[in-house]
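User: Could we go through this model together, beginning with the sheet?

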Amino acid sequence: MRPVEEWLAREIGLDVLSVGRQALAAAIARRMDHCSLRDPSAYVRLLTGSREERVALIDAVVVPETWFFRDRGPFEHLVRHVTQVWLPAHRSGSLLILSVPCSTGEEPYSIAMALLDAGLRPGSFRIEASDISVASLQRAEAAIYGPTSFRGSDISFRDRHFVARDGSFELKPAVRSQVRFRPGNLLDPGFAAGSGPYDIVFCRNLIIYQTDDARKSILRTLYGLTAPRGLLFVGHAELTSIMTERWTAVRQPCAFALM
């Protein structure tokens, strides 16, 4: 299915080797079976002509793996930076944050909970969250989560910010109202047009799955979206590969942040 692999590389920058050809082939096979197609060339024609199928294939390939406060270090440094650096310099400003890809919402909602728990007023910050997966965004906006979204030894935030409902947990409106979701592709030249610059950007565990060209394009976009002296949070496996003349790592253990 080389034509499909090439389309995914162009559309979402996916490096096939990062997910494995076998896993990708299985995802394509599931979509072909769903569409009652056996001829790969027929599926390529369908993919070319159907926006709905392109969205469905992306949803099948992009498997979200996330949970609330995944890696505590970045959130601890976020609170430290905002309360000790950003707020003193912006007494009357509004903190603007981007979370991309936001997956099913656990990351941007974690950011909101961390800042609210640190004493920030609801109107003093805004979080814009974006993802390429339509299915993930629908789950994020529903804001109802199962037990697997709560991991680690400290889940006390669940009692403060969620309401238990039939084995699931529904996020309270005070947190939900801080986050605005929208579909978006970082490889789209018009991504976040008219938005930003962002004081804080979370883009974690994305570029490790990208082709070299896509990685360079995404980093250029993120650099343009981040405010001067703003922070970019990335995955721990991505930090060293991003450090360039543009980005300098923050000297804080387990923060995985650049400035």
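Analyst: Two strands pair if DSSP finds at least two bridges between them. Helices (H or I, at least four residues) and strands (E, at least two) are DSSP runs, numbered from the N terminus. This is a predicted model, in which local features need pLDDT of at least 70, side-chain atom pairs count only at pLDDT 80 or more, and totals for chains, interfaces and linings use all residues. Residues are numbered from 1 along each chain as its sequence is written, and side-chain values use heavy atoms, with hydrogens and water left out.

User: What is the bridge partner of I97 in β7?

Analyst: I97 has I200 as its bridge partner there. Strand β1 (residues 95-99) pairs with β7 in the parallel sense, over three bridges.

User: In what order do the six strands of the open sheet run?

Analyst: The order is β6-β2-β1-β7-β8-β9, with mixed pairing. Because β6 (179-183) and β9 (257-258) each have a single partner strand, they stand at the edges, and one side of each lacks a neighbour in the sheet.

User: Changing topic, where does Q210 lie?

Analyst: Q210 is in the loop between β7 (198-202) and α11 (212-225).

User: Why does Q210 count as buried?

Analyst: Its relative accessibility is 3%, and buried means under 20% relative accessible area, exposed over 50%, partly exposed in between (1.4 Å probe, protein chains only).

User: Which residues are in contact with Q210, leaving aside neighbours within four places in sequence?

Analyst: Q210 contacts I12, G13, L14, D15, R215 and I218, where contact means heavy atoms within 4.5 Å.

User: And V19, which helix holds that residue?

Analyst: V19 lies in α2 (residues 16-19). V19 is partly exposed, at 31% relative accessible area.
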